[in-house]
Amino acid sequence: DLTTEVATSVITKLEEQAVDGTWNSGLGASGSNWNTVSYGNGTWVAFATGGTLRSMYSSTGEPGTWIASTTPNNNQDWYASTFGGNKFVAVGTGGQSIYSTDGVNWTLSNIQNEYWRGVTYGNGLFVAVGSSSGSPISTSSDGISWTARTTPGDGSQSWYSVTYGLASDGVARYVAVAGNGQSAYSTDGIN
């Protein structure tokens with residue numbers, strides 16, 4: 001399980017470097033608001049809103065090892081990223097989505113013109129959630145072609161985050177949370 005591997009790797013690294021229980025700092029690119037970081041295939045990627053630098057990658061995640069990368073739209077605000085199906089996917093404002101197999105070279109993909117705030121991967125499916133009118137949720141089996149999905153509620157929810165995991169009842173679910181105190185779940189990401 002990728003999540004377990006990443007968690008184990010991060011915990012081991014923290015135990016090695018921060019025995020006293022503190023975190024080491026140093027990602028750093030001034031003027032950028034770093035919103036999301038993901039791990040896959042031995043690489044961390046980070047994305048920002050604002051500032052001149054919007055994406056970076058690192059093979060260690062340690063200070064001083066982050067390298068600037070270029071996305072198809074370097075003025076894009078990126079709010080969420082994930083790794084799954086051997087690729088990274090990031091989503092942002094203005095209906096923008098990008099994907100990469102190495103975390104360095106990025107390709108633009110088509111997703112509905114929404115304000116995307118969260119993305120996750122599980123069971124062979126990427127699920128993105130947004131905070132525009134109409135309560136956007138979109139899915140993709142490859143991180144490239146996206147399909148809009150019907151969302152619960154009256155369409156006024158602003159979805160901010162989504163994740164995938166195995167519940168205590170043994171059923172895997174995608175779970176999303178909204179700014180108005182609501183949550184939603186799906187066992188297949190589609191319905």
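My entries follow, starting with the ground rules.

I am working on a predicted model, where local features need pLDDT of at least 70, side-chain atom pairs count only at pLDDT 80 or more, and totals for chains, interfaces and linings use all residues. Residues are numbered from 1 along each chain as its sequence is written, and side-chain values use heavy atoms, with hydrogens and water left out.

Overall: I looked up the secondary structure and got 1 helix and 15 strands (DSSP runs numbered from the N terminus, H or I of at least four residues for helices, E of at least two for strands). Of the 191 residues, 42% are buried, meaning under 20% relative accessible area with a 1.4 Å probe, protein chains only; over 50% is exposed and in between is partly exposed.

Sheet: I followed an open sheet of 3 strands, ordered β13-β14-β15 with antiparallel pairing (pairing takes at least two DSSP bridges between two strands). β13 (159-166) and β15 (183-186) each have a single partner strand, so one side of each lacks a neighbour in the sheet. β14 (residues 172-178) pairs with β15 over 4 bridges, and V175 sits opposite Y185 of β15.

Charges: how many salt bridges are there? I count 1, taking a side-chain nitrogen of Lys or Arg within 4 Å of a carboxyl oxygen of Asp or Glu. D169 and R173 make a salt bridge, at 2.7 Å from N to O.
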